[in-house]
Structure formats: C-alpha cells, structure tokens
Amino acid sequence: MNQSNQRIIPGLLLVGLAILMSAPAAAQWLPNGFAVCTESGAQSDVSVATDGSGNSIIAWADERSGTAEIRLQRLDAAGIAQWAPGGISLGPGANPTLLADGVGGAFVLWGRDRAVAQRVDAGGAVLWSAGGVELTTEPYVVDTPISAVADGAGGLLMAWDVSGFYEEVWAARLDGLGAIIWVDAFFTGSDTSQRPSVAADGTGGAFVAYDRITTIVGQGSYQHVNVRHLAAADAFILWDNPVSGELYQPTFPDALPDVAGGVMIVWQNNPGSMAAQRLNASGVAQWTAGGVALGSNTTAWERNHTAVRADDGGLVVAWSSGSSNPDIFAQRVSGSGAVQWGAGGVHVCAAPGSQFDPVLLPAADGGALVAWWDLRNGSDYDIFAQAIEGDGARRWELNGIPVCSSPGSQRRPQIVGDGAEGCVIAWHDERADAGDIYAQRVSGGFACPASPILYVDADAPTGGDGSSWPLALRSLAAALDGAQACGGVTEIWVAAGTYRPTEGTDRDATFDLVDGVAVYGGFAGGETDPGQRLWTANPTILSGDIGVSGNDADNSIHVVTASAPVVASLDGFTVMAGLANGSISASWGGGILVTGGTPLLANLVFSGNSAVTGGGCYVSGGTPTLKDVRFVGNTATASGGGFSCGSGVVEVTNAVLVGNTATFHGGGIYMGRSNVKLNNVVCDGNTAGQNGGGIAIVGSTSPRLTNLTCSGNTAGEQGGAIHISGGPFGGTGTPVLANSVLWGNTALLQGDEIVWTWRPTVRYSLIEGCGGSGGGWVATTGFDGGGNLDTDPFFRDVPAGNLTPRSYSPALENGNTADVQAGVTTDPLGNSRIFGAAVDMGAYEHQGPPTGVEDDPSGSTPRLTVLHSAHPNPFNPRVEIAWDLASTGKVELSIHDLRGRLVRRLVSGHRLMGPGTAIWDGFDQSGSPVASGIYMVRLHAGVVDDMCKITLVR
C-alpha cells in the first residue's frame, strides 16, 4: 500500500472545493499534463500542496545525481514553473510530505536515516537550518511518508514509524520557526507499533492512530488499531485506547479530527472490509461497537483507502475493492455514524482491468473529487478522476475522465485544490524513462451547456463535457446525473450504441429518468433537430447485461426507472436484459419500472427482459403514457410477461406484443388495480400458464380496450386472448371492448377468445365464436353492444406474424369511429388510423378501399414456386414480400445481411399452395431495429431456393 495516499492530504487542512457546475470537467493545462521534472534518473514519491492562492507546490524524490534528494517546484494557476528549472534541492532523502504553511509557503518532511523537517517560503527560499531540522539524534530509518497536520498555532504536528529491533512510532511538534516543542517515541515493550496517522485535537495536541501488534510466545501475533492522545505542551499521554479488537486484524488507520475535539478513525480489516469509528475527546467510542462498515465486500479485499473530513463533521472515504482487478468505491459517513451513500458505497469506477490507490479532495457540497491509477487499457497505467456529489451521484463520465493516458505508465497520483472549482493532480510518469513528475489541472464542474441539451455518444473521445456532438459524453448515466445537477438541461440526445447503467456489478444500478428531461435515442451523431433522427436505423440499446456478459443472473434489476414527480420522456431506445427477480419492487419491471410521475415512453422496444411481474415494463403508480412500443420475448415468472400495471392511470397506444410469456396471468399484458386504456394493441403468440394468454385484467377501473388485434395467444386455463376479472380487488365501472379483432387464440380449459367474471360491453368487434350481434350472440362473450361480427378476418399471414387485414376483410370500415380515443391518429405501422368512411376493426388500418373480393379471385394455381419482388423497395418502415407456391409444403422465408448472417426469420412452417405474403418491419430476431442497408430475402420451399435484394432506407 502506498501510505502517502493517506498522509499527504489531511482532511482538516484542505481548502473546501466548491463544485459549482460552471466549468467543464476537462484538463486545463497541456494534454496529458505539464512536465514538472524530466531530468535524468528516476523521479518518484510525489507530494503536492496548495499555497492558498491558486498555485501548487510539488515535492518529489529525485535521483538525477545517483542519490535520492528532495526537490520542490511551484506551479502557478496556468501550470507555469515559478522556481528554478528542475526544482530546488533540499538535501538527501525520500518519501517527502508537503503541508501548506498558510502564508504561501510549505512545510516539507522527509526521511533518510532520521526524520527531517524544513520550511520554504513562497519564493522557494529555505527558512530553517540548511539540510533541515533533524527530529531525532538516533539513526532510525524512517519507513513510510511522515503524517503531518497543522497545530493551529503556526507550527505542525507529525508522526512516523522507524525500523529497529522493534518497529516504533514517533511523534513530534514543531513551532513555525523550526524549534522542537516535543518529540517522543511510543515505547510499547515487546509490541510493534507502526503506520501512524496524526490529527490535531484543536488545542495544540495530537491524536495519533497506529497499528499495534502484540506477539505472545506460542500463540502468535495479534493486531489492532490504537489511538493515543498527546498533550499540546510536552507529549504527555492523555489516553491510549484501542479502537477495534483483534478479531479482524485491523490495520492502516487514518485519523481525522471531528468537530467537537474528538477524532474519527478509518481502518482496513484484514482481509475484506473497511470500517470507521469516532472517539470523543476522552477516547470513548461514539459509533457502533466494532466500527461502522463502509462497504459490503466480505469476500475480496477492501483496501488502499484514503479519507477526508466532510463539511458536516463526518467523513468521505475511498478505497479499492477486489482481490483481482479491483474497482474504486467511496462512502460518506455523517457525524453521527450513518452511512449516506448506500450499504456498499458508491461504485466510483467499474472499468475493466484494475484501479488502485484512490486519493480524495473534499468538496463544499459534502462530496469529493477522486483520482486513481488505472489499468483499463490492459498494458500501461493511466490516471483517471471522478467528481462525487454530496448525494453520491457521479458528476462526470460513468467510470471517470482521463487525466493522463500517454504511453507508458502513470502511477500514484496526489491531489490538491486549485483555489477555484477544481484540482491539481501530480503523479509519477514513465512515458519517457524510469520516472518523471507531471501534473495536470482539472476543472471541478460538470459542463452545464449554454443550450438545454446534453449529448451522449458511446464512441465519442473520452473527456467530453456533453455540450455538443464532438464533445459528447460517453455515458448516459453521467448525462442523467449532470441533468439532475444542472437544472437547465431539458433534453439528452443519445447516439447509436449500447449503454449500461454501470460497468460494474451493482444490480441496483439503473437509468433513473430526471424530472423535466426528455431523453431521445436513435441519433447517428451530428443532427441538429430531433426530427432528423431515424431511431430504427440507429439502434440505441439500454442494456441490463452488466457483470459477466451473457450471464443473466447478474443483470440489472431495472434497466430504467421513473419515479414521482418525474415528468420526463424516454424515446427511441431498445430496452433489454433487465432481471427483476428480487422481492417487492425489486420483482417488478425488468426493463422499466415506473413508480410515479407522468413519463412518456415512446418509440421503444422491450426485448429479453424478465421479472416476477411485468417482464418488460411495470407501472406501480403515476400516469405514464406508452406509445409506439414493441414487447418481444419478455418473461414473467408470475404475471404480465410483456407489460403490467399494478396501480395508476396508464394509456398504451400503438403497441405490439409478440412472444411474451407469463407463468400465471397475462402473457402479453396484465392489468391490476389501475385505470387503463389500450389503443391499437397487437397481441400475437403470447402465452400465459393460467389466464389471459394475450391480456389479463383484474380489478381495474373501467378499462377501455379499443382497436385490439389478438391472434395466436395461448392460455393454460382460461381466456386465450383476454381474461377480465373483478378479482379480489373488485373492478369498478364496466369494461369496454370496441373495434377489436380476436381470432385464432387458444385456451386449454375455457374461452379461446375471451373469458370474464367481470362482464364487459363488446361492440363493433370481430370475435371468433361470438355469434355476431343479434339473435346469434353468445352471452359468455359479454354484453352485446352492437356491430359485432363472427367471420374470418382474413389476416395477411398469421404464421408469418402479419396480422394486417386483406382488402376484402370484413373488419374494414366496420368499426365505430366514436370509440377511437382523442389524439390517436395512426396505427402501429404509422398509417392513418381512419382511412375511409369509418375506422377498421383491429389494430391495423387498411390503406385503401375495401374490395369485398379475394385478392386472387381466379383461384388459379401457379405452375412454379416463385419469390416475387418486394414492395415497396427501397422501403421504410415496412416491406411486403410475396410468393407463389406450386404445391403445399414447408416454407422458410428469412432476411439475411450481405454476409449471409440471419437477421430475421419471417416464416417457418407449412403453407398452402398459391399466393402468400409476409411483412418485415426492419427489426431483427431479438426485436431490435436494424440499420439502413441492403438485405437479402431468401425463400426456401421444396427444391426451390430463391433470393432477392431489398433496401432499407431509414
């Protein structure tokens, strides 16, 4: 562990960083940093401090002469060196620690065979004796960087450990002139003391936290963290108390002052977890016995931590977690000992590869800036940084922004405030040789753009601030965080690509919609108006496939969430691979969970999501609107394979549900205690283990089902297409089914088309087995509201999934126009909803006059099996593919790309001789829209294998 990460930046002394949302999070000096020192030999052990005026002082160990010496350089706010080229030398030594002196200079402490201290002024002149003040006369080797803080009276307090027969901890206090007020060692008999951290007590005294290791002959060694309180005047021991027992072998303590004269301690338990405790001025623990758990990792090491004091008297801690390929986490603890960023902390970075040794800078809003060294590129280490807000939100890109990604490795960053909104980060750099010193200034804020738009593109260069397409953010999660913080953002534009709520394994991670913000997907990048986007041509995927790719068990619980009082839009995305398999709300809505607000969910595809209830989407409150959506291949282990609404007021318009399954009720849709309107909804090939293969409605308030088409749905018990029940919730009002077509559905026990215990009014609908309005009406269908038919609807091709009506279908112009909901102007294919004298029955509106006769009245049988030309071609959004069969037999009709890879299988099964058609809507087998381009249609029937080209133009 690099102890300098814990010693150089005492939280009490850092200038609070106000991250004010006014500047982009971007490098301010030269790309990949300013070269502080590139002399021959190795430069290492970097430390950095502020002079209080926006300038930075940097110290390092320098071996240009063959022997390590301490050198210093001062950079102004523009990154220009102010002292001698190559830095000024303070004499031999290593592991420097810098501490601002409050008047433009700095205290410098380092080790050689003794601990040494020096002070320099703002001009770089040494103020104490040449070679520095030696703190001991005995030649004890200083093992680690010295921990130091201001004493509140112009001097400093410090602690360090030394090697000898036994390792020992020493502590000292110096005044501002370099005079030693006291120096003392922790003599603990046969025990070993090491790894100290010092904090001021506010009265000139010091708290020193340290490891104490006791060895008992025949029993082994026992380790715990102790805190010693030393008096201001003479190092008198006021008390020396253990913070944690021996059970978890605590080690590597960090000490931070609290706001009441006490001290907060953070330590690492070996192995596995981070903990913190607060002691009052008398040494009595104030938080939970054994310490507050900061993370949740009990199987892999949480280690390499750093801590700073928060503005409310609590603390912020960052650490790396994982026995291999560790990630960066952070936690905030209040002054009362309550964790504030969740039980496991914030997952600061979950990028591939390993991330090490985070360093922290506190922010005035209670958050922090975090920097670390990072192996995500697989070969060399780079420096990355992230801003964490007071509520734990990540302000910059999902896994941080690159501070330096030059060739060679960059390691062990140190961080200090820049006196404005950002920070200065210095590091050891190996781009040219064994090691140089570089530094970079990073502005602290998220780029709140002048316009109300943030741009996101997964393929954009790193480091963008989201203010334009060229500077697009790479992370949608970061854009949502930024929109929440900026306030003036009203839109987020997202280019084609795949976006995940986290690159780590936190299943609770989700894209949480922001109040007042519309999120649009489907851009190519470069558009200047949402009307220019072609969302089906630019697949923009929100994926819950986090963790191990392809392993569904570790997927996000909800890919997207919307909660009250959110008024937001999500438009133009494929939502896939969510897995809500927990309890209560964690079991609802694998794709999207709506718990309140009035979100608009439009132009969406829900594919391959799973939940206990509402595999694709679940609504538990609010008044959402779903429009132009597709649910393909979603599952529910209880009810609502595609979509479910448990409560609230919901309207669904132009929805297609294909191949969704539920173990119990509602293979396509399940409606509970809700007020629901369904308009232009297609249910095709959905399955429920019990009731409502297509749709199940239980206890809703006056549900209105208008212009539905249900075919090929299956129920294991009742209601192949629809099951309506007052259920235990007691539905109110009267359900209405109007202008709908239910044909060719199956229920194994009762009611292939519809079953009810809460009797609906059915009007102007075509329902198989209903008997039609008049004397033949079958009462078990519902109340006869008039205008109902019981005759073949003549779908184009049911096996191919083409449920559009033929020109001679009796469904044409036999609906009731008065039942069409206000504002419903198109059908699911984008065609005009009313074409002709009256609305058609069913979800689709035929775009032409009804002919009343068959398409092929001659009934002639073709002599050849032929694949006809597709129409229209080029096409957007749909193309009709026609063929003739010389004889009845098995037919395979499929779409392929130009490399021969299967895109979509349209037909697979037996067909009668004669003409046939299928519709392709530009979606692939998984339900995702494909890009513009040339595709091949392949017809295989008997010995015939025919192909033709089609062109999709988005």
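Modeller: Strand E8 (residues 115-120) pairs with E9 in the antiparallel sense, over two bridges. Strands here (E, at least two residues) and helices (H or I, at least four) are DSSP runs, numbered from the N terminus. Two strands count as paired if DSSP finds at least two bridges between them. Within this pair, Val116 has Glu134 of E9 as its bridge partner.

The model is predicted, so local features need pLDDT of at least 70 and side-chain atom pairs count only at pLDDT 80 or more, while totals for chains, interfaces and linings use all residues. Residues are numbered from 1 along each chain as its sequence is written, and side-chain values use heavy atoms, with hydrogens and water left out.

The E8-E9 pair belongs to an open, antiparallel sheet of four strands in the order E6-E7-E8-E9. Its edges are strand E6 (94-100) and strand E9 (133-134); each has a single partner strand, so one side of each has no neighbour in the sheet.

Another open sheet of four strands, also antiparallel, runs in the order E71-E70-E73-E74. Here strand E71 (902-911) and strand E74 (944-952) are at the edges with a single partner strand each, which leaves one side of each without a neighbour in the sheet. From one strand to the next the twist averages 15 degrees; the axes behind such angles are lines fitted to C-alpha atoms (for helices over the stretch in contact), and angles run from 0 to 180 degrees between N-to-C directions. Inside this sheet, strand E70 (residues 889-896) and strand E73 (residues 933-941) run antiparallel and are joined by six bridges. Val891 has Ala941 as its bridge partner in E73.

The chain as a whole has two helices and 74 strands. Its C-alpha trace spans about 115 × 55 × 55 Å along the principal axes. Of its 954 residues, 60% count as buried, where buried means under 20% relative accessible area, exposed over 50%, and partly exposed in between (1.4 Å probe, protein chains only). The accessible surface comes to about 32,400 Å², with 53% of it belonging to carbon and sulfur atoms; such areas come from the Shrake-Rupley method with a 1.4 Å probe, and for residues only the protein chains shown count as cover. Taking contacts (heavy atoms within 4.5 Å) between residues at least 6 apart in sequence, 60% join residues at least 24 apart.

The largest nonpolar core has 75 residues, and Ile492 and Phe643 have the most contacts inside it. Such a core is a set of buried Ala, Val, Leu, Ile, Met, Phe, Trp, Tyr and Cys residues joined through side-chain atoms within 4.5 Å. Helix H2 (residues 476-486) gives the largest share of this core, five residues. Leaving aside residues up to four places away in sequence, Ile492 touches several residues, including Leu476, Ala479, Leu480, Ala483, Val517 and Tyr520. Another core of 24 residues lies apart from this one, and Leu885, Leu906, Val937 and Cys948 are among its members.

Ala368 is in strand E28 (residues 368-374) and is buried, with a relative accessible area of 1%. Among the residues that Ala368 touches, not counting those up to four places away in sequence, are Val316, Leu360, Gln386 and Ile388. Ala330 is 38 residues from Ala368 along the chain, with 9.4 Å between their C-alpha atoms.

Charged pairs complete the picture. A salt bridge is a side-chain nitrogen of Lys or Arg within 4 Å of a carboxyl oxygen of Asp or Glu, and the count by this rule is 22. In one of them, Arg74 meets Asp51 with the closest N and O atoms 3.0 Å apart. Arg74 lies in strand E4 (residues 69-75) and Asp51 in the loop between strand E2 (43-50) and strand E3 (56-62), so this pair ties together parts that are 23 residues apart in sequence. Arg74 and Asp51 are both buried. Arg71 forms a salt bridge with Glu69, with 3.2 Å between the closest N and O atoms, and both of these residues are buried. Asp374 and Arg376 also meet in a salt bridge, at 2.9 Å from N to O. Here Asp374 counts as buried at 0% relative accessibility, whereas Arg376, at 26%, counts as partly exposed. Salt bridges also link Arg630, Arg904 and Asp921 in a network.
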